[in-house]
Structures are given as C-alpha cells and as structure tokens.
Amino acid sequence: MEIPPAARAFLAEPRFAILATIGQDGLPQQTVVWYEVQGDTIMLNTKRGRVKDLHLRRDPRASFCVEDGYRYVTIVGSCALDDDQERAQADIKALAIRYHGREQGERQAANFRKEQRVTIHLRPDRVEAYGFGE
C-alpha cells in the first residue's frame, strides 16, 4: 500500500515511533524506535535477540505509530527481517546519523558494530493518517 504524500512528509522528519509486535501470549509489546521511510516501506533496525526481533520471527505482523499532538500516522502490516550484517550495520548507522547528526551518529555506529543487528522492513497493509486536512 502506498503512503499518502502528507503522511510521507510527516514521517520524513526525524520523529520517534512506537512499534507494536505480538507476543507469544497474543498480547502487544510496544517499543520506541528510530525509523526511515524507504519507498513505501518503513525501515527499522534492532539488536539481534531483542523482544521485537524474537516476536517478528514468530509472527511478522506489526503496528507502527508516529504522533505529534493531534496529527498521527499509523501503519499496520507485515515485516521482513534482514540479518545481513553489512546491510544491517549500514542501516543502523544511517538511522543514528538521521537522529543525531553526522558526528554523534558516527560515534554511535562504532558501538553498534559490536552487536549483531537486524534490519526490519515494514510493508504497509493499511495506512491511517489523521490531522493532515485530507
């Protein structure tokens, strides 16, 4: 599904998102995450073995929400995980720079290189945007 232009512009700003995954008990688990819109998917990244990684390996469905007061974008869809370390490290570095600038992002990336990382690609099945006058 395509992300509408107003929602895409909103998501292009470096905001924090909430990613909800489904636990083994069927209950949602929420995490604050960095993200980047890439085409019509949302790219996220996590350390291998974290709860969201484990949940998504068992059940790829997720919900993603970014809000700013009464404006928000919610995306529901399925995730694909990419364990390739070269790509995952490049993705977490890009996210660190997006959120903290070149200098601090480079320092953070050096610490992330000590970890096994996983890139998550959320493919929207449904996009809800509110407060954009559309």
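1. Helix H3 (residues 85-112) holds both Glu-103 and Arg-107, which sit four residues apart, about one turn of the helix. Helices here are DSSP runs of H or I with at least four residues, strands are runs of E with at least two, and both are numbered from the N terminus. Salt bridges that share partners join another set, Glu-13, Arg-15, Asp-68 and Arg-71, into one network.

2. This is a predicted model, in which local features need pLDDT of at least 70 and side-chain atom pairs count only at pLDDT 80 or more, while totals for chains, interfaces and linings use all residues. Residues are numbered from 1 along each chain as its sequence is written, and side-chain values use heavy atoms, with hydrogens and water left out.

3. Glu-103 and Arg-107 form a salt bridge, with the closest N and O atoms 3.2 Å apart. The term requires a side-chain nitrogen of Lys or Arg within 4 Å of a carboxyl oxygen of Asp or Glu. Glu-103 counts as exposed at 61% relative accessibility, and Arg-107 is partly exposed at 48%. The classes are buried for under 20% relative accessible area, exposed for over 50%, and partly exposed in between, using a 1.4 Å probe and protein chains only.

4. The structure holds 14 salt bridges. Side chains of opposite charge can pair when their charged atoms come close.

5. Glu-13 is partly exposed, with a relative accessible area of 41%. Arg-15 is buried, at 13%.

6. Arg-71 forms a salt bridge with Asp-68, where the closest N and O atoms are 3.1 Å apart. Arg-71 is partly exposed at 29% relative accessible area, and Asp-68 is partly exposed at 36%.

7. Where does Arg-15 lie? Arg-15 is in the loop between helix H1 (5-12) and strand E1 (17-22). Its side chain makes a polar contact with the side chain of Glu-13 (2.7 Å) and another with the side chain of Asp-68 (3.4 Å). A polar contact is a pair of N or O atoms within 3.5 Å; within protein, one must be able to donate a hydrogen and the other to accept it, and residues adjacent in sequence count only if both atoms are side-chain atoms.

8. Not counting residues up to four places away in sequence, Arg-15 touches Phe-10, Tyr-35, Val-66, Asp-68, Arg-71, Arg-98 and Tyr-99. Contact means heavy atoms within 4.5 Å.
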